[in-house]
Amino acid sequence: MSAEPYFAALWRVFSDEMARLNALDAAVGDGDHGSTMLRGLTRAADAGAGKRARAFMRASGGASGTLFGLILLGIEAHLEDGASLHGELAKACERIRDLGEVAVGDKSMVDALAPAVDALENGDLDAAIAAAGAGRDATRDLVARRGRSQYVENGGKGHLDPGAVSVVIFLTVLAETGGTA
Amino acid sequence: MKKLFNSAETMVDDMLDGFVSAYPHVARGQSDPRVVLRGIDRKDADEKVTLLIGNGSGHEPIAMGFVGRGLLDANVVGDVFAAPSADLILDGITEVAGKAGTILLISQHSGDMINGRAATMMARDAGVNVLALPMYDDISAAPPDRKKDRRGAPGTMFVYKILGAAAEEGRPLADLFDLGEAVRDRIVTLAAAVSPGISPLTGLPMFSLPEDEIFLGMGVHGEPGVGRVKVGPVADLVDLMVGKLLADRPIGKGGRACVIVNGMGGTTTMELLTVWAETEKTLARHGIRAIAPMIGSYVTTQEMGGFSLSLLEPTDDMLACWTAPSNTPSFPSIGFPPVVCAEKDMA
């Protein structure tokens, strides 16, 4: 199966969501999360088979491009090569925790990704999306300990983490474009 | 501030065009024009361990100027003051990888560490035998009991050069990695900034400093340091800095220290040689012989004024590698240590 429809759909959704994600990020960071994601996804949508997540990493840039790119690498391997989605996302999550020095509860993408990985262990993408959504919603009350949001007022408490929002979109679009666990 | 560029979008690639056409030592990689490889003196990567580093541009001649025999096999060039992406670093690793193995050097800054380590993980997934070696030496960034939280500073050039010479001899990967860590753990660096560099992206000074003050411990991107001191004779400044370096990592009386006096880009050779002269005298007062100095502007931040002082207490092996000949566009010939000269005089 090709990852092309997935990356095309992801680009469409982030095109629609860019302004909202930038606004979310403005409350906890530098306000460019939607733009940097879309910049990466634009290149990814144009890239060849097996090179889409890497194109995202390069075009999105910075450390965040790398960390979100690790998730997309896993999804791409799942779609292109039939790699286990649980295995790929578990690996990505472990690497993001290690590289970003971030744990569950730190108000980051990991708060959505880690519960999704746990839910995928039983093989259900819908359950993973529900778990990721709950994790995303829980970031509203968390105080950031890593990244830029740790420096904003009250560590961004009261605002959703935009990275967690994006992780839920990654998984939702995967289900919509026919991905299965 | 006037700068000589065509455009912000092309400045890095325009510079690289000039670099690769000027020097036969270097050539562009096949995978991406931002990967700089050796042009001559390439060795079989199944026989020789390969070394590379990625870094943001704007700090030239480091690190692309150090690609060549006896030093690096490749450099991955990022945008101005921005770490290259993990994907680009992976291209660099893949270009130089062979059966002998590869070491990715990483000067410890947050983006470089995340992207460099991610590239290493991705390369290992693809079966490449690559190790990441974080380098950190700036004593102002964290106290001695948290050395691992320090950032990379110009003293990391000791690691490049010593590992480069040792790799050229054909030493195996594990030995080189151990040597790299051992060198790193013996390096201390402290910087003194007198005036800001101008960002080529914004045209604005990267920090501000009163006319009569010097910033101690500032990082290569203007990261805050340990404090300000008033301008005075350079002898007093060097005495203060050497004292802090030796307090951080003592060298016993009768010991020796290799020295790097690195200019930040806007400081003259005249000033840097004065700093070296005072460093040698100050170390001598501590009973330490200053040897094999590297003096010049190698890790720069545009026209930032100031210098950093780095000390390495070398083993005999490290000293031999530090002074071994190399052939790159920018690495200088390191003078023989006085001990060798003295023996020559006696002969």
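The legends below describe views of chain B in a predicted model.

**View 1. The overall fold of chain B.** In this predicted model, the secondary structure of chain B comprises 9 helices together with 12 strands. Its radius of gyration is 19 Å, close to the 20 Å that the globule rule gives for 347 residues, so chain B is as compact as a globular protein of that length.

**View 2. The interior of chain B.** Of the 347 residues in chain B, 52% are buried. When one considers the contacts in chain B between residues at least 6 apart in sequence, 72% of them join residues that are at least 24 apart.

**View 3. The two domains of chain B.** Chain B is divided into domain 1, which covers residues 11-184, and domain 2, which covers residues 187-346. The C-alpha centres of domain 1 and domain 2 of chain B lie 22 Å apart, and the contact between them takes 37 residues from domain 1 and 40 residues from domain 2.

**View 4. The side of domain 1 of chain B that touches domain 2.** On this side, the elements of chain B that give two or more residues are α4 (157-168) and α5 (173-184), and α4(B) gives the most, with 7 residues.

Terms used. Residues numbered from 1 in each chain as written. Chains lettered and ligands numbered in written order. Predicted model: local features only at pLDDT ≥ 70, side-chain atom pairs only at ≥ 80, totals over all residues. Helix = DSSP H or I, 4+ residues; strand = E, 2+ residues; numbered from the N terminus. Rg over C-alpha atoms; globule rule 2.2 N^0.38 Å. Buried ≥ 20, exposed ≤ 12 C-beta atoms within 10 Å, placed from the backbone. Contact = placed C-beta atoms within 7 Å. Domains from an automatic or database assignment.
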